[in-house]
Amino acid sequence: MADECCAGGSNRMIVWCAGASNVGQMTHQLAVELAGEGQGRLFCLAGIAAHRSGFVRSAKDAEDMLVLDGCPVACAAKILEHVEAPVMNHFVVTEMGVEKAFGEELKREDIDQVKASIRAALAANENPGQ
Amino acid sequence: MEIKVLGPGCARCEQVEKLIREALKEEGLTADVSKVKDMKEIASHGVFGTPAVVVDGKVKSVGKIPTKDDIKKWLKK
């Protein structure tokens with residue numbers, strides 16, 4: 001019997017809107033890259049929206065969260081609100097200097113710039129006053 | 001009533017099972033309590049973390065040790 005087996009890995013749940021626009025698609029790229037950097041673990045927003053009990057309960061019981069929306073329509077945050085789960089560390093890509101468009105390829109420099117802003121904000125939230 | 005404790009079998013999982021069995025005894029109820037250690041089956045419940053508790057197919061708790069009072073509420077529903 002291991003003492004740590006239920007406590008491994010990051011407890012920050014990452015959910016993202018994965019919308020159709022450039023900024024929606026960017027949330028997917030951001031989520032995957034931030035998870036790869038150890039900023040959290042990917043979780044299935046569709047499962048929450050589908051009201052699957054394991055997904056909904058996981059969102060409600062989440063210790064920490066990173067919620068990524070592409071635009072102010074904020075579908076990811078709204079899905080969480082709909083199931084009465086907390087919305088923590090909510091970021092909207094269009095509010096971080098990227099304009100919403102359709103059919104445009106993601107620019108590496110935009111992804112890096114938004115990701116750096118998110119990382120900095122998460123670090124500030126973890127270490128308030130520093 | 002069917003109760004599943006999802007988790008690979010650590011001390012926290014054991015604690016959850018113990019609390020469930022105590023709650024059942026205190027409430028004078030019986031249930032089929034089982035531990036699920038298979039990661040594929042755990043994943044099929046869509047939980048973000050373990051230990052997790054499933055009562056009659058519904059996930060009631062994820063990634064924490066529930067209180068005995070919480071467990072008793074689930075047993076009464």
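**Entry 1. Conventions.** I worked from a predicted model, in which local features need pLDDT of at least 70, side-chain atom pairs count only at pLDDT 80 or more, and totals for chains, interfaces and linings use all residues. Residues are numbered from 1 along each chain as its sequence is written, chains are lettered from A and ligands numbered from 1 in the order in which they are written, and side-chain values use heavy atoms, with hydrogens and water left out.

**Entry 2. Interface of chains A and B.** I looked up the contacts (heavy atoms within 4.5 Å) and found 18 residues of chain A touching 22 residues of chain B. The two chains bury about 1,400 Å² between them, 62% of it on carbon and sulfur atoms; buried area is the accessible area (1.4 Å probe) that two parts lose on being put together, summed over both. I then looked up polar contacts, meaning pairs of N or O atoms within 3.5 Å; within protein, one atom must be able to donate a hydrogen and the other to accept it, and residues adjacent in sequence count only if both atoms are side-chain atoms. Across this interface the rule finds 7 residue pairs in polar contact, both residues at pLDDT 80 or more. On chain A, β1 (12–16), β2 (41–42) and α3 (53–60) each supply at least two residues of the side that touches chain B. The largest share of that side, 5 residues, comes from α3(A).

**Entry 3. The bridge between chains.** I counted 1 salt bridge between chain A and chain B, the term requiring a side-chain nitrogen of Lys or Arg within 4 Å of a carboxyl oxygen of Asp or Glu. The partners are A:D61 and B:K64, with the closest N and O atoms 3.4 Å apart. A:D61 lies in the loop between α3 and β3 (64–69) of chain A and B:K64 in the loop between β4 (58–62) and α3 (68–76) of chain B, so the pair joins two chains. Helices (H or I, at least four residues) and strands (E, at least two) are DSSP runs, numbered from the N terminus. I noted A:D61 as buried, at 15% relative accessible area, and B:K64 as partly exposed, at 38%; buried means under 20%, exposed over 50%, partly exposed in between (1.4 Å probe, protein chains only).

**Entry 4. Bridges within chains.** Over all chains, the structure holds 19 salt bridges. I looked up A:R108 and A:D112, whose side chains meet at 2.8 Å, N to O; both lie in helix α5 (residues 108–126) of chain A, 4 residues apart, about one turn of the helix.
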